[in-house]
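Thanks for coming. I will take this structure piece by piece, and you can follow along on the screen.

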Amino acid sequence: MMISNGIEDEEKWLAEGIAGIQHNAFYLHRALDANNLREALKFSAQLLSELRTSRLSPHKYYELYMRAFDELRRLEMFFKDEDRHGCSVVDLYELVQHAGNILPRLYLLCTVGSVYIKSKEAPAKDVLKDLVEMCRAVQHPIRGLFLRSYLAQVSRDKLPDIGSEYEGEGDTVMDAVEFVLQNFTEMNKLWVRMQHQGPLREKEKLEKERNELRDLVGKNLHVLSQIEGVDLEIYRDTVLPRVLEQIVNCKDELAQYYLMDCIIQVFPDEYHLQTLEILLGACPQLQPTVDLKTVLSQLMERLSNYASSSPELLPEFLQVEAFSKLSNAIGKVIEAQADMPIVGAITLYVSLLTFTLRVHPDRLDYVDQVLGACVKKLSGKPKLEDSKATKQVVALLSAPLDKYDDIVTALTLSNYPRVMDHLDAGTNKVMAMVIIRSIMKNKTCVSTSDKVEVLFELIKGLIKDLEGISTDELDEEDFNEEQNSVACLMHMLYNDDPEEMLQIICTVWKHIKAGGPKRLPFTVPPLVFSALKLVRRLQGQDGDVAGEEVPATPKKIFQLLNQIIEALSVVPSPELALRLYLQCAEAANDCDLEPVAYEFFTQAFVLYEEEVADSKAQVTAIHLIIGTLQRMNVFGVENRDTLTHKATGYSAKLLKKPDQCRAVYACSHLFWVDDQDGIKDGERVLLCLKRSLRIANAAQQMANVTRGSSGPLTLFVEILNKYLYFFEKGNPQITSSVIQGLIELIKTEMQSDSTTANHASDAFFTSTLRYIQFQKQKGGAMGEKYDPIKL
Amino acid sequence: MPSRRRALLKVIILGDSGYVNKKFSNQYKATIGADFLTKEVQFEDRLFTLQIWDTAGQERFQSLGVAFYRGADCCVLVYDVNVMKSFDNLNNWREEFLIQASPSDPENFPFVVIGNKIDVDGGNSRVVSEKKARAWCASKGNIPYFETSAKEGTNVEDAFQVIAKNALKSGEEEEIYLPDTVDVASSSQQRSTGCEC
Amino acid sequence: MEIYEVHDYLRTVCPDLHITRGEYDEDTRYLETKTLTIGQFKLGVCHGHQVIPWGDLESLAMLQRQLDVDILVTGHTHQFTAYKHEAGVVINPGSATGAFSSITYDVNPSFVLMDIDGLRVVVYVYELIDGEVKVDKIDFKKTTTSTNLTH
């Protein structure tokens, strides 16, 4: 099998490499046990030769490397023990340089070098310098990177750091820094150069391999961060500038992105805060394709976490002007990366805003500034169509709402609506819904007309048709949900001061009246009720107060209400309008405003006569008219007569006889109001009841003709109950004998029509008779009253 | 086997919250790649060098994988007593280690568990009780258990004593390589395909 | 206006949902009245704007006789009331949201739960008064399967 796939080959090569290491390790161990330096060097060099392979990917090479690494630790222990091999470390350092191949030779040199430093027979800095220079001899990227990472690892605990035993006598922490920086620079060069090696077609594979090697390079930054002696000063003046210089100069996207991330992750927050300008200054100099939004977002997240770890840190953030530095840097990055998609820029602003909200929650000006920068970026461009970008804008606009749990705060941000203007109509509505939900969730009360003005400007996508979208194209269910939300929102607009409340209502009206026929049925009723609530608050303080400013009066509100309800005529929605007029009429009644109440009734009646055509709708409307009129006490005789006359007239003209009958007996209540001052016109009550009886008769005769049987007796039983009602109320026109007659009539009818027994009306009659029986047995005045009625 | 070879012991520290260097650091600094440091430990009149590998559990900075697990003599599992998830993850870390390091006798491989940061907020934010931790350790073959504070590193020395003792036990069962009777020493060099550097 | 959200919400409270028509419901699929039988009790449900004078007990009692029910549940006035009346009970649970009403000033949000067990029904009334929930309990017992109630 000559052709096998690459992975199998690699496994085979790795296995061979491991076998080679194990084999040589066996003889190495024997040599170590025998304290045989020459043999030990021979077999360790052979063992290390396995690392000369070019056939393994970084992952596999690392496995091999680790095997060799473990063996080198034993060798190192042996080197340390001069008694065992009888060779001074200085001589040893010379001796290992005789190894045949350069890679094994350098691994051995680094191993002895570490022992050399530990022995302190030479200054650490000299040995380190020598080693880091010597390693230049290996220029193959993978082999070179692993060799240098070995050097970094074995020298790690022997650096002349502050407090370490290797410090002093000319060895300073700066030597340690210098050594690591040099190793870092060399490694980064090897790493970056790797991409140019190998054929173009393998570019993808090469990038993957490079990416696997990244931590070898990054490791140096980790070592730097662990050096105790690297204080803020050294970090600011040496470490950071040198590292950034290398990052900027290497002009490699992968290296730049990764190493920026490393810097942010390995060095302490306080250093970042104090060197923000330097770190951020490098950003615009990086390749335009580097994903700086992720880098900067991570930096800001770290800083926000840092700020929230202790309240004492805030002054530091203010002192270094962290916000404005970040803000400036983001502006420059966006400018420098001209090809950055809009979503990238907005993501950056979202991160900055998140930072601001966490670190400076009290600085609304910062928030507005971020939004303003975003507006600037968006201006002059067509409305956003990129769904990812709009998602980010929604995130941007939602962040202040989530933070403050209070829309009122967001309403003070001048740039907030300007950002919203850049959203397409659909997203604008999504955002408007987010705003409304935030208000509902937090039960935020919006309490001035100015704020209501801003709010309705923000949610205008829900309030009226925006350009390009007509309500016809909308999904009905979504539309209903949106409009219901707007309706709910109106309950959150409130001020204790009636004057301001009226202003709020006027402002809302100004916005919603342009909503068109589809929206008005949703938005008008809650506004009407809001106004009616205000009327109720003002009840009793009627009359125009002299003065320049006319305060909120019920009269004024009723005028507005008239306008608002009238707007429903474009829908048209006569039934809804009729109900609202009746509500207003009752409110006017409570305010003792007879002409106003009369006017509202007139409007309701006009609608009834001209617009309500459906017979079922008429039935409901007439019941509402009667029900409302029955409760009115503001009317003088004349007006009242006019209205009751109309109402009874409508009742008698309903299409279906049973409906007529019921409406007419309901009208009886218009002439008998069970209040102290209520009207009590027994004769007209009786007239209504008699009339309803006639209609019931007519209904039954019609049933006889059309169905060949008399219809159910329910209507008669209903009327009987009405008689009982007025009988009990003491209407002198309703006597026990009249009731007796009606009972007999029903009984006779029932017997004559046993074929069409109707359970419902039978049960109704039975329970009515049982009621009479109950009243009779009650004793007292009521019992006495019922006594003459015989069952 | 000559005893002096066992003087070097490899220890791997795993867990959601890293055991950073000499002390448990409060301020977050990421560890890149695997990092080890050495520590001398006296046990039964003998000096051992512990080679302690710490990873801080960040996959993001582990681009080359975990080949360094191999050959470990002991594995220390660290969790934060204030973070339930770090305790819940102990089992994952244990299993991950056994898969990746593939020790010859996984049943008896020596682990040690350390409950870290017991002093945070005066112990008030603690969510994993000692009893619960010990119960888990018992269920996994009586893993020795220690608790340490973030600031002082109390009990760390005790832990290292046990690590040395346990690692020593396991080291005695190290895999043994027997070479072919044919001497391949010379041919192995020819097989190498690297360049002449 | 159909508010599916409200239906969905109510179904989370109880999946067996019955709705009768209110005066603002233009949707004719809701009935004017409904009767249900729960255990030994027969219940009638009606919004109440059809019964004039609104909220009037004697007039509601007539509807109760007409529907031939033990318990009549009605609304419209946004005011919680419960009456024992000759042959049964008339309950108005009030308005759960405390919405504006022309009929009732200072509407307190309220609702009722009825626990029907054999011949006994316990009505729990929850009323929000000045920010505090007041719970009341009203007990009715049916002596026989007829509609006669004792107090």
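**Chain B and its sheet**

Strands β2(B) and β3(B) run antiparallel and are joined by 9 bridges. Before I go on, this is a predicted model, in which local features need pLDDT of at least 70 and side-chain atom pairs count only at pLDDT 80 or more, while totals for chains, interfaces and linings use all residues. Residues are numbered from 1 along each chain as its sequence is written, and chains are lettered from A and ligands numbered from 1 in the order in which they are written.

Helices (H or I, at least four residues) and strands (E, at least two) are DSSP runs, numbered from the N terminus. Two strands pair if DSSP finds at least two bridges between them.

Back to β2(B) and β3(B). Within this pair, Lys39(B) stands opposite Leu50(B) of β3(B). The hairpin of the two strands has 2 residues between them, and Glu44(B) there takes a positive phi near 45 degrees.

Strand β3(B) also has a partner in β1(B). Strand β1, residues 8-15, and strand β3, residues 46-54, of chain B run parallel and are joined by 6 bridges. Here Leu8(B) is the residue opposite Thr49(B) in β3(B).

Further along, β4 (residues 74-80) and β5 (residues 111-116) of chain B pair in the parallel sense, over 6 bridges. Val76(B) has Val112(B) of β5(B) as its bridge partner.

Now put the strands together. What is the order of the strands in the open sheet of chain B? The order is β2-β3-β1-β4-β5-β6, an open sheet of 6 strands with mixed pairing. At the edges stand β2 (35-43) and β6 (145-147) of chain B; each has a single partner strand, so one side of each is left without a neighbour in the sheet. From one strand to the next, the twist averages 25 degrees. For angles in this talk, axes are lines fitted to C-alpha atoms, for helices over the stretch in contact, and angles run from 0 to 180 degrees between N-to-C directions.

As a whole, chain B has 5 helices and 6 strands. Read from the N terminus, its elements run β-β-β-β-α-α-β-α-β-α-α. Of its 197 residues, 37% count as buried. A residue is buried if 20 or more other C-beta atoms lie within 10 Å of its own, exposed if 12 or fewer, and partly exposed in between, with C-beta atoms placed from the backbone.

**Which chains touch**

Two residues are in contact if their C-beta atoms, placed from the backbone, lie within 7 Å. Among the 2 pairs of chains that touch, chains A and B have the most contacts. Chains B and C have no contact, and their closest C-alpha atoms lie 33 Å apart.

Chains A and C do touch: the contact takes 33 residues from chain A and 24 residues from chain C. On the chain A side, the helices that each supply at least two residues are α26 (476-489), α28 (520-538), α30 (574-590), α32 (615-631), α36 (714-729) and α38 (759-777). That side divides into 13 nonpolar, 11 polar and 9 charged residues. In this scheme Ala, Val, Leu, Ile, Met, Phe, Trp, Tyr, Cys and Pro count as nonpolar, Asp, Glu, Lys and Arg as charged, and the others, Gly among them, as polar.

**Inside chain A**

Helices α30(A) and α32(A) pack at an angle of about 5 degrees, with their axes 10 Å apart. That makes α30(A) roughly parallel to α32(A); angles under 35 degrees count as roughly parallel, over 145 as roughly antiparallel, 65 to 115 as roughly perpendicular and the rest as oblique. Residues making the contact include Leu578(A) and Leu582(A) of α30(A), and Leu624(A) and Ile625(A) of α32(A). By class, the contact has 7 nonpolar, 1 polar and 4 charged residues.

Next, a single residue. His491(A) is in the loop between α26 and α27 (498-512) of chain A. Is His491(A) buried, exposed or partly exposed? His491(A) is partly exposed, because 16 other C-beta atoms lie within 10 Å.

Last, the domains. The domain assignment of chain A, automatic or from a database, gives domain 1 (1-122) and domain 2 (145-267). Their centres, taken over C-alpha atoms, are separated by 24 Å. The contact takes 13 residues from domain 1 of chain A and 11 residues from domain 2 of chain A. On the domain 1 side, α6(A) gives the most, with 8 residues.
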